[in-house]
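Let's take a friendly look at how two protein chains meet. Keep the picture open while you read.

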There are 2 protein chains.
Amino acid sequence: MHPLDTAISLDQLSKGSYRAHTSAAYANMVGPFGGVTSALLLNAVMRHEDKLGDPISLTVNFAAPVADGEILVEAQPVRTNRSTQHWLMQATQNDEVVAFATAVTAVRRETWSAHEALPPRDAPDPLTLARMDTTDKPVWTQCYDMRYMDGDMPAQPGGAGEPDGEEQNHSYSCLWVRDEPPRPLDFVSLSAICDSYFPRIFIRRQRRLPIGTISMTTYFHADTAMLSAQGEQFLLATAKALNFRNGYFDQTAEVWSADRQLLASTHQMVYFRD
Amino acid sequence: MHPLDTAISLDQLSKGSYRAHTSAAYANMVGPFGGVTSALLLNAVMRHEDKLGDPISLTVNFAAPVADGEILVEAQPVRTNRSTQHWLMQATQNDEVVAFATAVTAVRRETWSAHEALPPRDAPDPLTLARMDTTDKPVWTQCYDMRYMDGDMPAQPGGAGEPDGEEQNHSYSCLWVRDEPPRPLDFVSLSAICDSYFPRIFIRRQRRLPIGTISMTTYFHADTAMLSAQGEQFLLATAKALNFRNGYFDQTAEVWSADRQLLASTHQMVYFRD
């Protein structure tokens with residue numbers, strides 16, 4: 001069983017109600033990597049017998065730190081229409097909400113389609129790039145093979161790496177990323193990958209600060225067939241911020257397939273302390 | 001009383017529970033303009049006596065068409081931390097959910113701050129531009145003074161305007177916008193303005209199609225003081241899409257103050273039929 005599938009595994013208690021458990025492989029500085037919490041909440045929808053279609057949007061609110069241990073996960077369809085379905089999900093520990101989420105799933109029909117955003121140009125073959133060193137980074141980074149072209153995470157101050165760098169005037173990153181070990185892409189793994197970019201303030205200020213994502217939204221531009229076509233290949237990803245102000249900044253990212261189709265776009269607001 | 005304040009007015013039934021009513025001034029093709037539904041749900045938080053701080057993020061799911069008439073609006077704090085608070089809101093008609101939302105409010109502290117996104121350059125003084133003609137457009141557009149520099153809504157096919165234009169290779173719009181009549185900016189009016197851009201597919205394809213926003217997220221980069229400083233001045237706004245595929249497209253927009261500070265960034269997924 002792939003470590004991601006272990007981490008998002010759900011033991012059904014009743015319709016829409018599941019028991020889950022945090023996974024040591026995806027540990028972050030405090031509690032689990034947020035991407036796995038997102039994937040867990042989405043998985044509760046994917047597993048639900050009443051689910052209609054594929055995920056279109058997912059918003060996760062990280063309400064409190066998730067403690068290592070058991071999590072009660074619930075998903076309920078709030079409204080089901082002819083081709084769309086609206087979901088509310090929550091994760092609780094000791095009867096307190098630690099994360100909650102909304103999602104829309106829908107049956108897609110074939111229509112006029114067009115791209116507008118363009119993928120990053122001139123990205124070299126990922127196999128010609130070095131895998132990011134995870135030595136001084138949180139445990140969950142070992143669950144991804146990340147190959148940065150731009151904007152790798154700065155070394156830990158006082159750690160084995162270099163000292164703090166100079167502040168940059170941007171926070172742009174561009175990388176190839178896939179699950180490690182490789183795993184065929186699906187909606188849950190894609191939702192986790194959408195949170196796998198380092199906080200933009202680390203890149204902008206070239207140092208690590210206390211941060212926490214408070215809310216994250218992911219839009220799925222791909223359907224099941226497109227994700228299946230991607231398989232275990234590397235995804236091409238970019239991330240940047242628009243604004244950092246008084247304790248909060250945003251992060252916006254795009255995830256492209258190996259053949260340069262936009263699979264997901266994702267946004268989050270992040271708390272920071274300086 | 002300003003028409004927006006009438007449209008989002010809440011008659012408190014009990015703590016966090018309110019009765020509201022749709023407003024003819026903000027009528028859309030079917031039901032009310034989605035921006036006013038967003039503002040109504042956010043207003044239920046703003047009015048709540050337990051609210052902590054200012055809005056940071058807001059996600060609204062448009063679950064079903066809102067019928068003209070009475071709406072029951074509820075807001076509850078799901079989790080309150082030291083400086084952040086997570087909210088769940090819903091709007092129901094005849095005991096069925098028509099819209100639901102999550103929000104985060106927070107007490108901001110002064111920190112290192114920086115911008116990364118840049119406002120559109122060379123925007124002429126709004127008073128030198130013509131106000132958009134609302135003749136063949138939904139009623140709610142009369143509640144805004146919109147002055148387009150790029151990407152105005154195409155004329156209605158077969159209407160008084162020109163025939164369908166040629167499809168464009170982008171959906172970018174840039175405009176000045178404010179409430180009409182003028183109203184001092186606050187979080188609720190800003191949340192409505194974040195939905196006031198015409199659907200990107202209208203711009204891209206240069207014709208109007210059946211569409212409906214399914215989920216919309218707004219990030220507030222400004223605090224109360226910044227919004228107060230803006231007052232009744234025009235806001236500078238841009239909108240674009242990343243991708244249109246099989247029934248859904250995204251829209252991403254930025255709202256800038258008259259003095260070129262980023263006040264909000266906003267994203268939505270929109271259903272379309274062709």
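Which side chain of chain B meets E96(A) in a salt bridge? The partner is R79(B), at 3.8 Å from N to O; a salt bridge here is a side-chain nitrogen of Lys or Arg within 4 Å of a carboxyl oxygen of Asp or Glu. This is a predicted model, in which local features need pLDDT of at least 70, side-chain atom pairs count only at pLDDT 80 or more, and totals for chains, interfaces and linings use all residues. Residues are numbered from 1 along each chain as its sequence is written, chains are lettered from A in the order in which they are written, and side-chain values use heavy atoms, with hydrogens and water left out.

**The interface as a whole**
- Chain A and chain B each bring 70 residues to the contact (heavy atoms within 4.5 Å).
- Together the two chains bury about 6000 Å², with 53% of it on carbon and sulfur atoms; buried area is the accessible area (1.4 Å probe) lost on being put together, summed over both parts.
- W112(B), E116(B) and R245(B) supply 14% of the area that chain B buries against chain A, more than any other three residues.

**Charges across the interface**
- The rule finds four salt bridges between chain B and chain A.
- Strand β6 of chain B (residues 96-106) gives the most to the side that touches chain A, with eight residues; strands are DSSP runs of E, at least two residues long, numbered from the N terminus.

**Strands that pair between chains**
- H115(A) stands opposite N243(B) in β12(B).

Conventions:
Helices (H or I, at least four residues) and strands (E, at least two) are DSSP runs, numbered from the N terminus. Two strands pair if DSSP finds at least two bridges between them.
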